[in-house]
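User: Hello! I am new to protein structures and would like to learn how to read one, feature by feature. Could you guide me?

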Amino acid sequence: MNSVRLLPVGLVKMEDRYSRQILFAGIGKEGQARLRGARAVIIGCGALGSAQAEALARAGVGSLRIVDRDFVEASNLQRQTMFTESDAQDRLPKAIACVTRIALINSDIETHADVLDVNHTNVEELIKDCDVVLDGTDNFATRYLINDACVKHNVNWIYGAAVGSYGVSMTVRPHVTPCLRCVFEEAPPAGSSPTCDTAGVIMPIISVVAAVQVTEALKLLTGQIDKLHNALMQFDVWSNDWRRIALKSPLPECVTCALGKYETLEAEAADFAAAMCGRNAVQISPQKPAELDLNALSERLRALGEVKVNEYLLRFGIGEYELTVFRDARTIIRGTDDISTARSLYAKYVGT
Ligand SMILES: [Zn+2]
């Protein structure tokens, strides 16, 4: 018999959906119930964030918040598993594309998409009420911001990074294990580290790092603290070099977790322009969040150059530059890595 019986939407039984996970001794029925009541925040929904979101959604984590500032491009599709060609064609914000896909995977959980740039004005609000934060970002500035906010509010977070065939992960339990600043006192200087845009990246290392991050999240959310790896884990899937550097206590002199100084949260709000490493682009965020009327702006710009607009963003080509303007007035300017040129274009075409 080859017939296939499909259950109507909404009739997928809980015990069927999670039965293999409940059979697993580390989770069981009680662990599954804990996952259902858990809230996770994924900051950055590129390759790592995509893999984390899919795994946590399938595992039945009850509430997922996806935060990302960028939109889907064709060059993402090789490794960012939440996105499709049509997402890239429509230039959908990654957070929106991700929660749309999750709804198809598991309609039984709550999701929330935030299309925004994580900075010191919003990071505490984003993380303070959740049970775990997963790092899906691609830059150290945001990771130190997450570290400061999570240590201040006593929220567990799981660092992860990948470039080329190399990746790294570490779980931070504030005041119990070393924080990011205990291990790396300062971020590497700008331009000194390879990025996915300069050195490339292959998907298998994404899968490895995300798998370790997600497993740590499942242990934390189900209370299996003694199973955490308590290490700085390093992997190179091309040169076959896997390392586990054991971690002990937080550093007694750490400015963040010992002295309670949260430098990145106290930064002056003046400068929100940042070159996007390796992308010949600059991002500008307004000091105060705005709510732009993208259709009105598109009418203003239409006479000057090519304009495309959808519900979430506007794209405007002018000479060698391309401006992508989001509803909150944040703008990514391609064609330059010079911040003052970008500010000038922003002031001219978006307005400050
Ligand atoms: Zn520390």
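Analyst: Happy to! Let us begin with helices and strands: they are DSSP runs, numbered from the N terminus, with helices (H or I) of at least four residues and strands (E) of at least two. This is a predicted model, where local features need pLDDT of at least 70, side-chain atom pairs count only at pLDDT 80 or more, and totals for chains, interfaces and linings use all residues. Residues are numbered from 1 along each chain as its sequence is written, and side-chain values use heavy atoms, with hydrogens and water left out.

User: How many helices and strands does the protein chain have?

Analyst: The protein chain has 13 helices and 14 strands. As an example of what lies between strands, Asn 240 sits in the loop between S7 and S8.

User: What can I learn from the phi angle of Asn 240?

Analyst: Here is the general idea: most residues other than glycine have a negative phi. Asn 240 has a positive phi, near 60°, and is not a glycine. Ala 329 also has a positive phi, in its case near 80°. Ala 329 belongs to the loop between strand S13 (321–326) and strand S14 (331–334).

User: Are Asn 240 and Ala 329 buried or exposed?

Analyst: Relative accessible area decides this: buried means under 20%, exposed over 50%, and partly exposed in between (1.4 Å probe, protein chains only). Asn 240 has 61% relative accessibility, so Asn 240 counts as exposed. Ala 329 counts as buried because its relative accessibility is 4%. Across the protein chain of 352 residues, 49% are buried.

User: Where is Leu 297, and what does Leu 297 contact?

Analyst: Leu 297 is in helix H12 (residues 294–301). With 0% relative accessibility, Leu 297 counts as buried. Leaving aside neighbours within four places in sequence, Leu 297 is in contact with Leu 292, Leu 314, Val 325 and Tyr 349. For the chain as a whole, take the contacts with a separation of 6 or more: 63% of them are between residues 24 or more positions apart.

User: Which atoms hold the zinc ion?

Analyst: For a metal, we look for donors: N, O and S atoms within 2.8 Å of the metal (3.2 Å for Na, K and Ca); water is not among the atoms, so sites may look incomplete. Here the protein donors are the SG atoms of Cys 179, Cys 182, Cys 254 and Cys 257, lying 2.2 to 2.3 Å from the zinc ion. Their spacing in sequence is C-x2-C-x71-C-x2-C. Cys 182, in helix H9 (residues 180–183), and Cys 257, in the loop between strand S8 (241–246) and strand S9 (273–276), are 75 residues apart, so this pair links distant parts of the chain. Both Cys 182 and Cys 257 are buried.

User: Why is the arrangement around the zinc ion called tetrahedral?

Analyst: Four donors count as tetrahedral if all angles lie between 85 and 135 degrees. The 4 donor atoms around the zinc ion subtend angles of 95 to 120°, so the arrangement is tetrahedral.

User: Which residues line the largest cavity?

Analyst: On a 1 Å grid over the protein atoms alone, a cavity is a set of points where a 1.4 Å probe fits but cannot get out, and lining residues have an atom within 4 Å of a point. The lining of the largest cavity includes Met 170, Arg 173, His 229 and Leu 247.

Terms used. 1 Å grid on protein atoms, 1.4 Å probe; cavity = no way out; pocket = protein on both sides within 12 Å on 5 of 7 lines; lining within 4 Å. Tetrahedral: all angles 85-135°; square planar, octahedral: opposite > 155°, others 65-115°. Contact = heavy atoms within 4.5 Å.
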